[in-house]
Each structure stands twice: as C-alpha cells, then as structure tokens.
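Take a look at the complex below.

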Amino acid sequence: MKQEIKNEQINTAVHAPVVAKQRKKLTKSSSIPGWLFASPWIIGLVLFYAFPLFSSIYYSFTTYSILQPGEFVGLENYYKLFNDELFWKSIYNTVYFAVFFVPLSIIIGVALAMMLNMKVKGMAIYRTIFFLPTLVPQVALAVLWMWLLNPGFGLVNSLLDVVGIPGPNWLGSELWSKPSLILMSLWAIGQPVIIYLAGLGDIPNELYEAAEVDGANWFQKTISVTLPLLTPVIFFNLVMGSIGAFQQFTLPYTMTQGQGTPANSLTFYVMYLYDNAFKFFKMGYASAMAWILFVIIMALTAVIFITSKRWVHYQGK
Amino acid sequence: MQPKIKKKFQVTLAQVCLLAASAFFIIPFVWMVSTSLKPITQVFTYPPEWIPNPFQWRNYVDATQYIPFYTYLKNTTAITVFSTLGVVLSCPLVAYSFAKLEWKGRNVLFVITIAVMMIPMQVTMIPLFLLFNKLGWVGTPLPLIVPAFFGVPFSIFLMRQFFMGLPNTLRDAAKIDGASEFRIYWQIMLPLAKPAVLAIGLFQFMNVWTDFIGPLLYLTEDSKYTLSLGLQQFQSQKGTEWGLMMAVSTMMTMPIIILFFFMQKTFIQGITFSGIK
C-alpha cells in the first residue's frame, strides 16, 4: 500500500506543473469545503481512534476498573503479565495457530487459485463453491464445525471410519483442538483466493508463451513465472493473514463459550484479554495486554515489510 | 497426436482436483442444511445419514420459538441497516474530500487514516467501552451504530481510490458553471461512484450482520441481543440442540448468500480492488 501512495505522489508531482496554472483558480476555494467534507471523519478519528488509543496507554499503567477509579502503578501490569502463566499460554496458543495457519493458507490459497484459473468447463460454479464458506457468519461456522467434528455423531469421524482410521476427539482433545481450529479456518479462505485469482489474471500471457518457446514445462513455468509474479499478492495476504491470526477471537470463544477448553488449549490472546477486561474488570491489566499485542503486530508487519524487498517482485521493475 | 493426449490428460487431472477440493468446501454446507431438517432421532444416528427422513420442516418453526428469534432478527436488521446507512453517507463524502478537494493537512490526514487501519480493535476497545459507558450507551445498540456515521478507515480508503480514478474535467466544468462543491459531489461525482458505494455498503452490511464481539460487549439485555448472540443459547447444560442450531445458522447465512448472488460482480470487484489497488 505504501508503494501505491508513493507512486501516486510522484504522478501528481509530474503532472502538477502542466495543469497547475489552470487548476489553481478552480481549486483555490475548495479549502473550506475540503475540511467541511472531511469533518465527520476528523471528529471520528479523534473520538473513536486517537482518544482511545492514547488513553489506553495511560490505563495500562493503572489498576483501573469500572468498579474502582484505580491508581497509577507504573509498569506493574506489565511486570505481572510476564509472570502470568495463562498469559504465556495464550501467547503460545496464538503463535501456534499463526505459525501453522498463515503458511498453510498461503500454500493452499495459491494452489486453489491456480486451479480456479485453469480453462475448464463450469468454472463459474467452482468459483462460487469455493467462496461460499466465506459467507457463513463466524458464529455459524463455529457451530457447524463443532457438529462436523463431534466425536460421536460427526461427519468427519464417520468418514474417517469408512477408511478405517479411528478419528480423534477433535475439539475435546488438548492435542487436536488447535489443529481443528486451523482446519475450520482453512475452510473459509475464499477471500484471499479471490485476491490471488486477480493477481494471476494480471500476469501477462506473453511471459508464459516465452517460457513455452524455451521449452519450459508446467512445473518450471509455475516456479519461474507464476510464483515470482504473484509475490506482491502473497505479500499482501501474508500481512493481512498474520494480523488476523493474532486477533483470533470469535471462533474459539463461541466454540468453548469463552472457556478456552480443554485445559486452556483454546485460550487465545484476545480471549484472555477480553476476560481480563470484561469478566474480571481488570481494565488496566487488559490495556497492557492490548498494547503488547499492538507492539507484536507492528513488529511482525515491520519484519514482513523489511524482508519483502528480498522476495517480492513487482512487475516491470 | 501426443501433445493432444497430454493436454487431455491435464484437463482431466484438473477436473478431478477441482472436484475433490469442491467436495471439501461444499460438504459441510450441505451437512448444515441436511441436519437442520432432520428429526432429533435421526440427528444422532451412526453412521450419519444424508437425507432427512422425514423432512422435518418444523425445525425451522421450533428454532424461532426456542429463542426469541424474531426479536433478535429485528435487532440485527436494525443495527445492520443503520450502520450501513452511516457508512454509505459518511465515507464517500470524506473520501471525495481526500481525492478531489485541496486543503491544508489533507495528505497528512490521509496517511494517518491509513495508519489507523493498522490499529487492532482490541487496543481501542477498552477506552471506547468506558466512553460509551459514561455516555450511558452501554446496553443500547448506539455504540454499534453511531461510529459508522463518522466513517470507517478502510471504506474511506477504498472510496478515495475510486474517486482518484474519476476525471477532474467534470468537476472543473461544473465549477465554471457555478455549482457549489456539495452539489458537484452529490449530483455528479457520487452517482458516478455508485459501484464503489455499493461495495463498501455490502462490506459493512456483512461485517455488522455477522459481528459477534461488538454485540457481546455492548448488548447486556436479552431483549436487545442479535442473532450472533442468540445462536449461543442453543447450547446449555442440558445438551446442544443441533438440529435447531443448524436451522438458525442456515437462516442467518441465507441473507448473505442471496445478497452475494445478486451482487456478485460488485462484491468481487470490491475485494480485488481493495486487495491490489
């Protein structure tokens, strides 16, 4: 996104001197309407973003709760967090989910998009089918998969039974609860797939033709044409996917009714944050958690951005 | 001859892969609908049966009585419609200002708007809750509706990109004719931006219709609940009403699927547009 903005600024800068003279007259008077038109957002930005953002830093240094005014305690919340076992457990669960889900969603997403990009009959129907799960509300998705993965009467275990594999206890087992969550999240990856599809559509045909002339087979074309040119889109989905993975809440919360069972194996970071704030009313403590999350997400995004120079190829560069 | 056979083999292989993958995506769906129509005795049969016997249409009626379905439906619809209205009114206006009007601080504010998209909602969640609590809005749907009227950064960004693509000449011509800025926006530019407005409206509708954490935070009374919260009530100590729960899940998903069906093009344009450009 940053790249885009830069390009635009350069574009306007290049065109500016030519058009500027005639435009100046026309745009001169748009300063007041400009502010006026933007005013709802300026108010919204201050009220719903800037003010909460800064007050949450302050809260994170206090013992604030709705019930008590709370007092300034400095870094105590942070210090306590680092000694909080459940805090570390929730980080472990969240990282576990992100580490498996994000790469899997990229590999499977790209593979699906490549399949959907082939010239085969009935593609419109296939595309709709792949996208359908994204339209299921997360709460309904949780409910649906709880039923599919039900160890006694669920479809998944009965299918495994047919093949002769005894199915695990899925959501009831400490070992399998997180893989279950990854599986159901992968079911709803229609959105990134559509973005990959758009990316595939942007790859010029000449490149494939040139590769064919050189005698490249399907595999070679994929490795040296498709994937490199798809990296900007992969990059975008990597950033969005990682940010989303760290904010996992609705699925585990609804499935375990906020309990994170079994044995806290589904207690995700944001769930624990929510519990602290709205169940135990430890708003200061939860604010500290929120800021740690913010820093983690920013650091992660920064790392992806920095490494992207090595592996993201923009067309025409 | 040989390349032709090879080609045919490839196409067949592709078809097989597609079919297998489709099964993974469609079966849970079919299963949801199938379970929603089964009599309770058939829900718990092993191995599972695919076709309900008999078709228990009554499940849908029972589900709407097990929880106050129509109240929840009404609440969800009201919140969704009003907040979508808010976004559709505010975001294009702000975006237009970012794209076409020139004013001091515009570019800085736009960069801030993009930066704001990076803030996880959990960071602002607690102070916002306290703010709405002070205003006495906790327990009402207002915290879920009012902020939409002040703009959503992602939708502003999307709309702005769209307005950037519209030519300036129209605006200049209207300006020479003496039209006010608001008239230019309302009568010329906004109608031209209809596809983008539809896209952001659609996104907002979907997000709010399916929202869980918002209602969970702010709606304290049973009578104000939305469908997302209502769905949880089918799980109790007594056990889970799978058939009824699947019926409500189906009913909750249907509006979105219908909407998607009729607005497919806008939808996909919106997603790809937001993703790449």
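Start with B:Tyr225. This residue has 22 C-beta neighbours inside 10 Å, so it counts as buried, the cut-off being 20 or more. The coordinates come from a predicted model.

Leave aside residues up to four places away in sequence, and B:Tyr225 still touches B:Tyr72, B:Asn75, B:Pro215, B:Leu219 and B:Gly230.

Now widen the view to chain B. Its secondary structure holds 15 helices and two strands. The radius of gyration is 24 Å, whereas the globule rule gives 19 Å for 277 residues, so chain B is more spread out than a compact globule. The C-alpha trace of chain B spans about 75 × 75 × 35 Å along its principal axes. Of the 277 residues in chain B, 41% are buried. Consider next the contacts in chain B with a separation of 6 or more. Residues 24 or more positions apart account for 77% of them.

Chain B is divided into two parts: domain 1 covers 2-60 and domain 2 covers 66-276. The centres of these domains of chain B, taken over C-alpha atoms, are separated by 34 Å. The two do meet. Nine residues of domain 1 of chain B are in contact with seven residues of domain 2 of chain B. On the domain 1 side, the elements that give two or more residues are helix H1 (2-36), helix H2 (40-43) and helix H3 (58-66) of chain B. H1(B) supplies the largest share of that side, four residues. By class, the side of domain 1 of chain B that touches domain 2 of chain B has five nonpolar, three polar and one charged residues.

How far can chain B be trusted? Its pLDDT averages 89, and 96% of the residues score at least 70. Within chain B, confidence is highest in helix H7 (residues 142-145) of chain B, at 97. It is lowest in helix H15 (residues 264-276) of chain B, at a mean of 65. Where pLDDT is low, the predicted coordinates should not be read in detail. For the model, ipTM is 0.87 and pTM is 0.87.

Record annotations come next. An unreviewed UniProt entry lists "transmembrane region" for residues 12-33, 78-96, 108-132, 144-163, 184-206 and 242-262 of chain B. Two of these can be set against the coordinates. Residues 108-132 of chain B are 84% helix and 0% strand, with end C-alpha atoms 29 Å apart. Residues 144-163 of chain B are 65% helix and 0% strand, and here the end C-alpha atoms are 28 Å apart.

Turn to chain A. Its secondary structure comes to 14 helices and zero strands. Of its 317 residues, 38% count as buried. Among contacts in chain A with a separation of 6 or more, 69% come from residues 24 or more positions apart.

UniProt, again in an unreviewed entry, places "transmembrane region" at residues 32-51, 95-116, 128-148, 181-201, 222-246 and 288-307 of chain A. Residues 95-116 of chain A are 100% helix and 0% strand, and the end C-alpha atoms lie 31 Å apart. Residues 222-246 of chain A are also 100% helix and 0% strand, with end C-alpha atoms 31 Å apart. The unreviewed entry also carries the annotation "domain: ABC transmembrane type-1" over residues 91-304 of chain A. Over that span chain A is 73% helix and 0% strand, and the end C-alpha atoms are 20 Å apart.

Finally, bring the two chains together.

Terms used: Residues are numbered from 1 along each chain as its sequence is written. Chains are lettered from A and ligands numbered from 1 in the order in which they are written. This is a predicted model: local features need pLDDT of at least 70, side-chain atom pairs count only at pLDDT 80 or more; totals for chains, interfaces and linings use all residues. Domain bounds come from an automatic or database domain assignment. Two residues are in contact if their C-beta atoms, placed from the backbone, lie within 7 Å. Ala, Val, Leu, Ile, Met, Phe, Trp, Tyr, Cys and Pro count as nonpolar, Asp, Glu, Lys and Arg as charged, and the others, Gly among them, as polar. pLDDT is the predictor's confidence in each residue, from 0 to 100. UniProt positions are given in the numbering used here, feature names are shortened, and annotations may be inferred rather than shown by experiment. The radius of gyration is taken over C-alpha atoms; the globule rule is 2.2 Å times the number of residues to the power 0.38. A residue is buried if 20 or more other C-beta atoms lie within 10 Å of its own, exposed if 12 or fewer, and partly exposed in between; C-beta atoms are placed from the backbone.
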